[in-house]
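Hello,

Here is the model for your files. My notes follow below it.

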Amino acid sequence: QVQLVESGGGLVQAGGSLRLSCAASGRTFSVMGWFRQAPGKEREFIADTNWSGGITHYVDSLKGRFTISRDNNAKTTVYLQMNSLKPEDTAVYYCALRSTVTGTFDYWGQGTQVTVSS
């Protein structure tokens with residue numbers, strides 16, 4: 001059974017940085033990604049990375065400010081480094097793991113709140 005636990009969210013001033021972590025357990029040999037959902041908006045894809053961390057994809061609007069990475073050893077932790085944060089980055093951030101059976105992000109963490117004050 002796959003479990004994903006995010007951490008690292010919080011309150012930060014505009015222009016600041018945060019690093020989110022997602023610890024995975026279970027069958028984790030798959031793509032992992034980060035998504036976010038702001039109040040009243042649909043969930044948005046941010047980035048994903050393959051099992052080794054060598055291949056990454058980003059939504060164009062966040063490329064350059066956000067960086068996804070995977071720990072070098074067990075590959076069970078994924079990070080999201082967020083720089084130059086803006087109030088519009090305020091959202092609940094989720095990590096997810098893609099099922100090797102369905103090819104979709106079927107496993108989700110509980111989310112961590114990021115609030116950026118102006």
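How do the residues of the lining of the largest pocket divide into nonpolar, polar and charged? They come to five nonpolar, four polar and two charged. (Ala, Val, Leu, Ile, Met, Phe, Trp, Tyr, Cys and Pro count as nonpolar, Asp, Glu, Lys and Arg as charged, and the others, Gly among them, as polar.)

Two notes on source. This is a predicted model, in which local features need pLDDT of at least 70 and side-chain atom pairs pLDDT 80 or more, while totals for chains, interfaces and linings use all residues. Residues are numbered from 1 along each chain as its sequence is written, and side-chain values use heavy atoms, without hydrogens and water.

The C-alpha atoms fill a box of roughly 40 × 30 × 25 Å along the principal axes.

The sheet: four strands form an open sheet in the order β1-β3-β8-β7, with antiparallel pairing (at least two DSSP bridges between two strands). β1 (3-7) and β7 (66-70) stand at the edges with a single partner strand each, so one side of each has no neighbour in the sheet. Inside the order, six bridges join β3 (residues 18-25) to β8 (residues 77-82). S21 stands opposite Y79 in β8.

Best wishes
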